[in-house]
2 protein chains.
Amino acid sequence: MSDERRLAVLRAIVEDYVATREPVGSKVLVERHSLGVSPATIRNDMAVLEEEGYIAQPHTSAGRVPTDKGYRAFVDRIATVKPLSPAERRAISTLLDDATDLDDVLTRTVRALAHLTRQVAVVQYPSLSRATVRHVELVPLGGPRMLLVLITDSGRVEQRTVEVTSEVPDELVARMRAALGVAAAGRRLSDVVAVLPSLPETFAPADRDVVRAVLRALEDSLSAEREERVVLAGTANLARSGLDFPQSISPVLEAIEEQVVLLRLLGEMAEDTGAGTGGVAVRIGRELAHERLTETSVVTSGYASGGQVVAHLGVLGPTRMDYPTTMAAVRAVARYVSRMIGG
Amino acid sequence: MSDERRLAVLRAIVEDYVATREPVGSKVLVERHSLGVSPATIRNDMAVLEEEGYIAQPHTSAGRVPTDKGYRAFVDRIATVKPLSPAERRAISTLLDDATDLDDVLTRTVRALAHLTRQVAVVQYPSLSRATVRHVELVPLGGPRMLLVLITDSGRVEQRTVEVTSEVPDELVARMRAALGVAAAGRRLSDVVAVLPSLPETFAPADRDVVRAVLRALEDSLSAEREERVVLAGTANLARSGLDFPQSISPVLEAIEEQVVLLRLLGEMAEDTGAGTGGVAVRIGRELAHERLTETSVVTSGYASGGQVVAHLGVLGPTRMDYPTTMAAVRAVARYVSRMIGG
DNA sequence: GCTTGGCACTCACGACATCTGAGTGCCAGC
DNA sequence: GCTGGCACTCAGATGTCGTGAGTGCCAAGC
């Protein structure tokens, strides 16, 4: 019994199951794919594949269904990322080309991705910590309130209100703005944090409390928790493929809504980009190690600005998904975004 | 046959159906509510109610179910907004009190609303056109690109990149910034638009193209389409109440995802705030005039800043919803937000 | 003129029995 | 090591039937 044929059988099972959503039996397998052997032979192969955990039987008199392990083998050893069709490439350009600012780019990106893959798409905002500060602005909002605005070179704008106990004179605001500009502009955010503690010294003692409040707000803007934001699209696609979620889609929706979960995943998967998949990472079912997402797979890729990966984007769908196509779409969109934001 | 009793019967039907999700018959009706008459009498009332279109029978041998018209009568003539429980009030405070900036307030608000009502919550960003400009900032992004940032008194920050054909000297950027500041600061956005056309005149002819590009971007930021943003939460609740959507929840999810639909609704409903409902507007099923939302109801309310309604928020759920409780929650949250943003 | 008990009627739904066919595992022969 | 044959299993489809909730109507009663 040749190893290659067993892999071919596995591939055929995955492809047929993805296409038909029905357990596939030995007979249709030889009919639809030219495997050159009889159903009985295939059955032997299937028995082995099942014993090794690549496929499973929902019940005795049914065909086989790929397991997580089966999909994994498919993704790692069988499938090749297939290039997008020209029409799909055109769709990406049309959707993304006339974007205005960063918000707009990301919103359009996530929509394009959801549309291409017919699944749930996620795009993470460019990380703040790796960016450099383009500009810091401090605006008096009247009375004891000010607005701190932070603009990075990736075009991201962070805002934060600062409230102190007493009225702040405009003149002091102006001086603080100038000091912040000098201290921060052109620096990487992580470096800015290091400079901050020495700043209050340069102000009159009476003003230092106010200065410290502003710095706290700035530090807060830079801190890891606040920096992470994601945009979502295509949740309706989940419902469409509701049949793929035995219980209900509501745990999946819940998990998606807790953006923390998504962010953690995007972060984790940043590290397991497999070889030969063009920078695309895939996690399948239980590999996600999340109880609400056992029937779900995630496909992600990083996107770059200035040669540096600044954030990730991806797609979430049922384990029974068309991996080659999805991976191709994720890769293509990631590259396109990178180009747009100057990757 | 007294009119009051018929209303009482309708109320009982609505309440029971909302509670049990099952068509309600004459027998259980007299058992559960002390109506003081026999089932046969109730049947007569029900026959009339059905003839008048307030209730319907799913099939011959089943109980009755309220129609859209029935719910409408319930909301208008029977139900009273019931105050929230102390625990619920506390939940609102706890969730909202330590919000930092406007983004944060709105995100927390939408979560609170979704949590309280166990439905899909929507919060609209404060309208730009009614706001006044606090500050305009123009930041050089290097080369021919600039970033235009607009800060309103409601704390909203709008950003927009401007790209021109040639490099823009920092000095010109500074002059434009100053001119914009003078022209816009303190004005209502709608008034700012009127002032813009005269601005290029004050610049040297060679610079006017650049100035015009910036003004176009500014106008764009102020334009009606861009000004509208919404935040969503609780989509998972839809799946939970999936049984209430006979076909599937996916058309509903689709409609929600097209934020245009939501914005149109919020806008329309701004005008039909009924009397006696405490500023809360309700649309039921087909009243929404949206084919994907025939099984859906929406409950909204405006929220205010400076005594002016600046935007709306609300909740979307199955027509079979607990209107009194939902309306109470929407009203309470709207008031709370108004207080927080200085309503 | 309402209200009420009685009664015949309807019909969705669940329980149960039956059937069918896809798919399997195994084995003997090639 | 492949193949055809064969007995076996079992989920799902189909059909039948009984049950009971709920109704509408009517004639009697307050």
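Reader: What makes up the largest share of the surface near DNA strand D?
Author: H3(B) gives four residues, the largest share. A residue is near a strand if its C-beta atom, placed from the backbone, lies within 6 Å of it. The model is predicted: local features need pLDDT of at least 70, side-chain atom pairs count only at pLDDT 80 or more, and totals for chains, interfaces and linings use all residues. Residues are numbered from 1 along each chain as its sequence is written, and chains are lettered from A and ligands numbered from 1 in the order in which they are written.

Reader: How many residues surround DNA strand D, and which are the closest?
Author: There are 22, and the closest are Val37(A), Ser38(A), Thr60(A), Ser61(A) and Gly25(B).

Reader: Why is H1(B) called roughly perpendicular to H3(B)?
Author: Their axes, lines fitted to C-alpha atoms over the stretch in contact, cross at roughly 85 degrees and come within 10 Å. Angles of 65 to 115 degrees count as roughly perpendicular, so H1(B) is roughly perpendicular to H3(B).

Reader: Which residues of H1(B) meet H3(B)?
Author: Arg5(B), Arg6(B), Val9(B) and Leu10(B) do, and their partners in H3(B) include Ile42(B) and Asp45(B). Contact requires C-beta atoms, placed from the backbone, within 7 Å.

Reader: How do you know what span to expect for H14(B)?
Author: The expected span is 1.5 Å times one less than the number of residues. H14(B) has 18 residues and reaches 26 Å from its first C-alpha to its last, close to the 26 Å expected.

Reader: What follows H14(B)?
Author: Just after H14(B), Gly342(B) takes a positive phi of about 80 degrees.

Note on methods
Helices (H or I, at least four residues) and strands (E, at least two) are DSSP runs, numbered from the N terminus. Axes are lines fitted to C-alpha atoms, for helices over the stretch in contact, and angles run from 0 to 180 degrees between N-to-C directions. Angles under 35 degrees count as roughly parallel, over 145 as roughly antiparallel, 65 to 115 as roughly perpendicular and the rest as oblique. Two residues are in contact if their C-beta atoms, placed from the backbone, lie within 7 Å.
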